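This report walks through one protein model for a reader who has not seen it before. Please keep the sequence and the structure in view while reading.

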Amino acid sequence: MARTMARAKLLMCALLYLILVQLQGTQATIEGLGVNWGALASHPMEPNIVVNMLKSNGIKKVKLFDSDSWTVSAFSNTDIEVMVGIPNDQLSKFAGSSGDAEDWVKANLTKHFGDGGVNIRYVSVGNEPFLSSYNGSFVKTTFPAMQNIQKAIDKAGLGDKVKVTTAMNADVYESSSNKPSDGEFKSQSYDEMIKIVGFLNEKKAPFVVNIYPFLNIYQNKDFPEELAFFDGGGRTIDDKNVQYSNVFDANLDTLIWSLKKAGYPNVEIMVGEVGWPTDGHISANPKNAKRFYQGFLKKMASKKGSPLHPEPFDVYLFSLFDEDLKSIAPGNFERHWGIFRHDGRSKFPIDFSGQGQEKWPEEAQGVRYQENKWCVLNSDVKNMSLVPAALDYACAVADCTSLGYGCSCENLDLRGNTSFAFNQYFQTRDQSVEACDFNGLGSIVNEDPSKGNCFFPIEIESSKSGFMLKAMHTMGALLVGLSVFFLSFP
């Protein structure tokens, strides 16, 4: 009897040990916390590596910007909740054809359901389709596309599992006084917004809004910086006996007022994108990103919303990785929103539990890199007159947004800037020898040329890099000679 009891205790101890090991391998996270995973990279990460990375960090929600089958299938047999997306350039097709909508649902939703399937919960029809810079291109097609996709989902018998929404930028509403209580939807798209909000209310689907406090600093040099963070102790925004110590809450409550005035005060709110970039602008750096996320995640962990929306809400951080193919029309920071670098290496401590601990996130495991070699300006080059044209050529295709004032590589001289540009081009071209020629100006080296905070990357191996490189080649042929990126050299 005693021996049996001893064995039982030993078995129980072993079981507890295994549970503790499992818990230690998974980070605790805030309920309702998700992350955006974009794919505008020359060398996208392998989906199975990303899924394992999300699991090890305890992230249970992910928002995608398309419905790529290889990517979505990687979430099979996991408890990770998925939002798939329909790009803006497909809205007109689905707005005009219910048959096309049905085909899309069959190919991108139905096939992923069933035993061991993917937990797809939302479809975002379009991404910021009413953005002012689109000049109304998608205003008339977004709602009809949402309707047809919803009908197709219902017809497929998935209406009780998948909800249709669309992710809106915060510029769909405005305030004449910059106070939340004067918030209302913009007149240019008001009628279509009311249709969409009414649809969301009827279907009990969330209004997805993207809010970026960083842009307040970027767009207005006189904006009080402390309002972009959650530290408090600085200026406040006073509105109808409510005090706002951060612009995120003020922005969200401007939406609440807009919905209330539109007659839909009870629509569910979901924050589709919120984050802080780490390069490409003087205020975009890991230190500020750490400060922002630390304050924001503490706020989430407290389960407190905004003054007018005190209930907690789901949030998707933006973004998981840097994306070197994103448009830089809004600013050079656009390619640096990642919490992680392009290869899944972390940039700064971030505590997904919201407890504010100085802890680094779990990095990607199993990433395969290309060889340890870089392309730099040949040290024998003395005639620098040919260099600017070669630099422009490299930056027309590769990502040079870390160069320039206030950026991580701002302290490089002309030779350093050129070496950085050459290496970016060389890496995106899979380290091809021809990609480091530059009419004899380039040279391949085996010693890392990184200096201080200026990181000269080595590209990763990616199954999709060939397709992306073809797209880059086409883009480069169009841009070379048009001077798409400007630098001033010392």
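Is Glu102 buried, partly exposed or exposed? With a relative accessible area of 30%, Glu102 is partly exposed, because buried means under 20% and exposed means over 50%. The model that this value comes from is a predicted one.

**Overall picture**

The protein contains 13 helices and 14 strands. Of its 490 residues, 53% count as buried. Among contacts with a separation of 6 or more, 73% are between residues 24 or more positions apart.

The mean pLDDT is 91, and 89% of the residues reach 70 or more. Over residues 13-25, however, the pLDDT is below 50, and this stretch has 1 contact in the model beyond near neighbours in sequence. The pLDDT is also under 50 over residues 472-490, where the model has 30 contacts beyond four places in sequence. Where pLDDT is low, the predicted coordinates should not be read in detail.

**Salt bridges**

Side chains of opposite charge can pair when their charged atoms come close. In this structure there are 20 salt bridges. One of them joins Glu102 to Lys155, with the closest N and O atoms 3.2 Å apart. This pair links distant parts of the chain, as Glu102 sits in helix 5 (residues 98-108) and Lys155 in helix 6 (residues 139-155), 53 residues apart. Glu102 is partly exposed, whereas Lys155 is exposed, at a relative accessible area of 63%.

Another salt bridge is formed by the side chains of Asp160 and Lys161. Here Asp160 is exposed, with a relative accessible area of 66%, and Lys161 counts as partly exposed at 39%.

The salt bridge between Lys326 and Glu334 has its closest N and O atoms 2.8 Å apart. Lys326 counts as buried at 13% relative accessibility, and Glu334 is buried with a relative accessible area of 13%. Elsewhere, salt bridges that share partners join Lys61, Glu81, Arg121 and Asp314 into one network.

| Salt bridge | N to O distance |
|---|---|
| Glu102 and Lys155 | 3.2 Å |
| Asp160 and Lys161 | 3.7 Å |
| Lys326 and Glu334 | 2.8 Å |

**Helix 2**

How many of the residues of helix 2 are buried? Helix 2 spans residues 47-56 and is mostly covered, with 7 of its 10 residues buried. These are Pro47, Ile49, Val50, Val51, Met53, Leu54 and Ser56. An α-helix has 3.6 residues a turn, so residues three or four places apart point the same way. The buried residues of helix 2 pack against strand 1 (33-37), strand 2 (61-64) and helix 3 (69-73). Just after helix 2 comes Gly58, which takes a positive phi of about 75°.

**Cavities**

Rolling a probe the size of a water molecule over the atoms shows where empty space is left. Across the whole structure, a search finds 4 cavities of 30 Å³ or more. The largest cavity has a volume of about 80 Å³. Residues lining the largest cavity include Lys290, Tyr293, Gln294, Leu297, Pro349, Ile350 and Asp351. Its lining is made up of 4 nonpolar, 4 polar and 3 charged residues.

The second largest cavity holds about 50 Å³ of space. Its lining has 9 nonpolar residues, 1 polar and no charged. Among the lining residues are Met53 and Leu54, which are also buried residues of helix 2. Others in the lining of the second largest cavity include Val35, Asn57, Ile59, Leu317, Ile339 and Phe352.

**Phe352**

Where in the chain is Phe352 placed? Phe352 lies in the loop between strand 12 (315-317) and strand 13 (374-377). Phe352 is buried, with a relative accessible area of 6%. Leu33 is 319 residues from Phe352 along the chain, yet their C-alpha atoms are separated by 8.3 Å. Leaving aside neighbours within four places in sequence, the contacts of Phe352 include Ala28, Thr29, Ile30, Leu33 and Pro361.

Terms used:
Residues numbered from 1 in each chain as written. Heavy atoms only, no water. 1 Å grid on protein atoms, 1.4 Å probe; cavity = no way out; pocket = protein on both sides within 12 Å on 5 of 7 lines; lining within 4 Å. Points joined across faces, edges and corners; volume = space filled by probe spheres on them. Nonpolar A, V, L, I, M, F, W, Y, C, P; charged D, E, K, R; others polar. Salt bridge = Lys/Arg side-chain N within 4 Å of Asp/Glu carboxyl O. Helix = DSSP H or I, 4+ residues; strand = E, 2+ residues; numbered from the N terminus. Buried < 20%, exposed > 50% of the residue type's maximum accessible area, 1.4 Å probe, protein only. Contact = heavy atoms within 4.5 Å. pLDDT = per-residue confidence, 0-100.
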